[in-house]
Amino acid sequence: MRFGLLQARVIPPKGQRDLRDLTRYRTKLVQERVREVHRVQGVLERANIKLASVIADILGVSGRAMLEALSAGRGEPATMAELAQRRMRSKLPLLEHALTGIVHDHHRQWLAMQLAHIDFLDEQIEALNRAMEASLRARSGDAPSDEGRAPLPVLNTVSPPVASPTLTFPRAVALLDTIPGIDQRGAEESVAEIGSDMARFETAPRLAAWAGVAPGNDASAGKQRSGKTRKGNRPLRAILTQLAHAAVRTKGTYLSALYQRLAARRGKNRAIVAVAHALMGSVFHMLSRQDPYRA
């Protein structure tokens, strides 16, 4: 500590910690909803109902109406198939065949409980979204704080761009939303984890290392033994991985080209981590300069 060899810990301010709690809890609820949808599919398979083979989203408008009729114990397969809406009505014969199964009262009761749980999770997720919007509007920004900081040694003479204290959370979310593959939700979760003050990270490589998407540096006797990434911030690493998968599906972008170039010779997993690393570099410079993404 005396000679400046210890790096300071990153302790976010209270406003960012509150927002981060909301985003992490919303992620858990979304994951739980996905698991509950899979349980609904398991009940249908046990009853020999092959609805998923005809409808991509069994909880869409048409699928939800059929599931409610099935759980209520009313209607034959032909009657439930008539609940299809719009383009789904072109598949009435397939729907009738898929809805023909062996459904007992146990299946109907189980299905009704699962649908009620999904509705409850939808309400909780919507309530969290409103709470996050209110929190974003209330926070004036992620102003630099000396909480938990220690003096850092000067490592170079080139000072990186430092975020202005006027950069607010909504503005940071709007900037990150311009990156290909990042939507409103992904931008909110990213800002909640890293904040809008890039001065605490100093450089883009440090931010990438803190996020756990930087290549490892395990070398000995001039030989590179391992390039395995560190664990870093696990929630942020998971978010970046999802955003990287979305970014590589965009057309005519640098991130997509980077993935295609690396996946051919380094493998898909390493290519995704490289895209996540590139995303972190872009996020650092965008928030530091308060500029939107430029292809």
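The model is predicted: local features need pLDDT of at least 70 and side-chain atom pairs count only at pLDDT 80 or more, while totals for chains, interfaces and linings use all residues. Residues are numbered from 1 along each chain as its sequence is written, and side-chain values use heavy atoms, with hydrogens and water left out.

**Whole chain**
- The protein chain has eleven helices and two strands (DSSP runs numbered from the N terminus: helices are H or I with at least four residues, strands are E with at least two).
- From the N terminus, the order of elements is α-α-α-α-α-α-α-α-β-β-α-α-α.
- Of the 295 residues, 40% are buried (under 20% relative accessible area, 1.4 Å probe, protein chains only).
- Counting contacts (heavy atoms within 4.5 Å) between residues at least 6 apart in sequence, 68% join residues at least 24 apart.
- The chain exposes about 17000 Å², and carbon and sulfur atoms supply 53% of that area (Shrake-Rupley method, 1.4 Å probe).

**Helix 9**
- Helix 9 (residues 234-247) has 14 residues, which at 1.5 Å a residue should span 20 Å; its end C-alpha atoms are 20 Å apart, which agrees (the expected span is 1.5 Å times one less than the number of residues).
- Its buried residues are L236, I239, L240, L243, A244 and A247.
- These residues lie on the same side of helix 9, because they cover an arc of only 140° around the axis (taken from the directions from the helix axis to the C-beta atoms).
- They pack against helix 7 (184-194), helix 8 (204-211), helix 10 (254-266) and helix 11 (268-289).
- At the start of helix 9, the backbone nitrogen of L236 has a side-chain oxygen of N233 within 3.2 Å.

Definitions and conventions
Buried < 20%, exposed > 50% of the residue type's maximum accessible area, 1.4 Å probe, protein only. Polar contact = N/O pair within 3.5 Å; in protein donor to acceptor, adjacent residues only side chain to side chain.
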